[in-house]
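Visitor: Could you take me on a close look at one part of this assembly, the place where two chains meet? I would like to see what each side brings to it.

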Amino acid sequence: MNFGRVVGTIVSTSKDPNLEGLKLLVVQHVNMDMKDTNTFTVAADGVGAGIGEYVLVVTGSSARLGTNLKNRPIDAGILAIVDAVEVEGDIIYRKEEEAAAR
Amino acid sequence: MNFGRVVGTIVSTSKDPNLEGLKLLVVQHVNMDMKDTNTFTVAADGVGAGIGEYVLVVTGSSARLGTNLKNRPIDAGILAIVDAVEVEGDIIYRKEEEAAAR
Amino acid sequence: MNFGRVVGTIVSTSKDPNLEGLKLLVVQHVNMDMKDTNTFTVAADGVGAGIGEYVLVVTGSSARLGTNLKNRPIDAGILAIVDAVEVEGDIIYRKEEEAAAR
Amino acid sequence: MNFGRVVGTIVSTSKDPNLEGLKLLVVQHVNMDMKDTNTFTVAADGVGAGIGEYVLVVTGSSARLGTNLKNRPIDAGILAIVDAVEVEGDIIYRKEEEAAAR
Amino acid sequence: MNFGRVVGTIVSTSKDPNLEGLKLLVVQHVNMDMKDTNTFTVAADGVGAGIGEYVLVVTGSSARLGTNLKNRPIDAGILAIVDAVEVEGDIIYRKEEEAAAR
């Protein structure tokens, strides 16, 4: 899985019927310091993620195993909202602190 | 999913019978500012996309779940035409404005 | 799908029995100007492609859906020979012209 | 498969029910000299791996075939802890030596 | 498929039961001149490949279709030993010559 920050939304009226009702979000990839990289992906939201939240994106056929994404024609799904990331003993991200710092 | 701009078409007469009747489009990948990157993909059209339109491309086995692409031997399918993209509160793309600007 | 130019062949006698009888071709990837890039892939031929021809390569599980590649243990299959590519209104490749220019 | 070093953990409370009970680990990719690269992945732990251990990560649908990861909506799973790596006749990594050197 | 040179082995005692008995090899990717690149993969051996041999690596779910790799939780399998590669009319690799040159 990779993770990133939800930064945007995509609106589409002409689409496959099987995509109806899905929220499509733009997710900016981040590096291990939680800094933005210059790549992004579009993922279907499976957990009610909001703009600014750090999320876990599952890719490939496994995205279709998400409880709210069953059998959808998608190759990327947001299946978790990240609360905290700890690397080498340091907490490099915690959701509440992030919110408080804004 | 990734998204890009439809820029071209591919013609092929010698091909797998299971590709018959599919429209194969060249899709230029774009970055988050909707500017062209130097990569592209060839995707089967599942929603009647036209040259110049920004589209959502689904890759891997999920492309075969598109309503009009069922069980086709493809690894990329266009399953939505993008109307608008909003990132960090800014509308970075809207289909009508794009058309008007040309 | 990606496309490229068939540039070579691979010979193998010690191989999985399920690969027997397949022609394995080296395909040089090309960019949108049909110029060689420095990457390549090895793909199983599903349409009788020859050296020098531009072809469409299908990757992943979909390669196994090719009519002549059913259930083979492959992750890339040549499923079409490209006759012409048109990008932004320009014909950037046409098979006959290519042949005549040689 | 690729391999890397387990460097961190991810905590998530809002997640897909099918991810419940899984340990999600941050794995830093390493090159063939076992030096860190600047890429990483998030993988579900299938073998009880701990921080600092070098592990084998299986990606794609195969990750869901791990004994402890059956049918989970994941695209990467840790399915082995690496004890030793030998390249070109040299032992470039051995778990016990690594531990002793600390 | 991609191809490369077998350069090493991986030893693991703590692993998924479904990986038991598989030989895990380190494969250095090569470019079209058969020169080493700086990337590599770990693949399960399905054809009895040895150190120094050039092999064909099948990735993704297709790796699990190898005769000796059926249903194993792997994403890369060695399914052929390369005897010769011919590109643009030149034989750029032949196994016997390679052996003799050593």
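Predicted model: local features only at pLDDT ≥ 70, side-chain atom pairs only at ≥ 80, totals over all residues.

Guide: Residues are numbered from 1 along each chain as its sequence is written, while chains are lettered from A and ligands numbered from 1 in the order in which they are written.

Now to our part: 25 residues of chain A are in contact with 25 residues of chain D. On the chain A side, β1 (2–11), β4 (54–59), β5 (76–81) and β6 (84–87) each give two or more residues; strands are DSSP runs (E, at least two residues), numbered from the N terminus. β6(A) gives the most to this side, with four residues. The chain A side divides into 14 nonpolar, eight polar and three charged residues; Ala, Val, Leu, Ile, Met, Phe, Trp, Tyr, Cys and Pro count as nonpolar, Asp, Glu, Lys and Arg as charged, and the others, Gly among them, as polar.

β6(A) also pairs with β1 (residues 2–11) of chain D, in the antiparallel sense over four bridges; pairing takes at least two DSSP bridges. Within that pairing, A:V85 has D:I10 in β1(D) as its bridge partner.

Terms used:
Contact = placed C-beta atoms within 7 Å.
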